[in-house]
Amino acid sequence: MLSLNSFTSIIALLLSCLCVHITAQQAGFAAFAVFNETNRLPAGCTDGYESAHDEVLYTVPYTYQQVISIIGSFANITWNRDNSTTLNGTDNTVGTARTYDYLGIRLIETIKTYEKPVNGPYFEDHTIAPSYNSALNLSLYASVDSLSANPICGNTAVALNFTVDFCSTNITEAGAIFHSLHLQDALTLQEFLGNETFTGCQDS
């Protein structure tokens, strides 16, 4: 049989876990409220959130034009996720948002900056609206989620930079999600283009 002290300790632990879950959920609702009322992200990280940064750098041995043929549409995310996205406006236009699900998280991403010169470099930056995932018990949103594609080595390779500045109730878990997501993006793009690996400018 459990002693009274053991039983009390178990109850305290369960209540502690419940409080953590409720706190993350409440923080998520607070961020949602700001976004829903103003259609803007909260300024900085609201109470219950912490700020974090993640970056993935990857080079593919293909021309800028080849890379853009895959990534050059905000509406098309077959190269990095699935194609169940929906747009609320015109493709590749500032203010247009796309919506899709990833790992049980409903993501709404709105274009802030979009630049696609014929010969590069490419740059796209969007926000991520507040989202809550009950299974992972985390809320997140991002003021910066950008991708740049810079031709190098005489346009025989392209250097990719995925950067995200985000707020989350669990920055470790959210950071791991963003990092794996963006690395997967780079590897899938490489696979779509032929799956050759960059080994240096001389070998591109």
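**The disulfides and their surroundings**

Tutor: The torsion about the S-S bond of C45 and C167 is about -80°, so this disulfide (a pair of cysteine sulfur atoms within 2.5 Å) is left-handed. C45 lies in the loop between α1 (4-38) and β1 (50-60) and C167 in strand β7, so the bond ties together parts that are 122 residues apart in sequence; helices (H or I, at least four residues) and strands (E, at least two) are DSSP runs, numbered from the N terminus. This is a predicted model, in which local features need pLDDT of at least 70 and side-chain atom pairs count only at pLDDT 80 or more, while totals for chains, interfaces and linings use all residues. Residues are numbered from 1 along each chain as its sequence is written, and side-chain values use heavy atoms, with hydrogens and water left out.

The sulfurs of C45 and C167 are 2.0 Å apart. At 29% relative accessibility C45 is partly exposed, whereas C167, at 8%, is buried (buried is under 20% relative accessible area, exposed over 50%, partly exposed in between, with a 1.4 Å probe and protein chains only).

A search of the whole structure finds two disulfides, and the other joins C153 to C201, with 1.9 Å between the sulfur atoms. C153 lies in the loop between β6 (138-152) and β7, and C201 in the segment after α3 (171-193), so this pair links parts that are 48 residues apart in sequence. The C153–C201 link, with -60° about its S-S bond, is left-handed, and C201 is partly exposed at 44%. With the bonded cysteines of the protein chain numbered in sequence order, the pairing is 1-3, 2-4.
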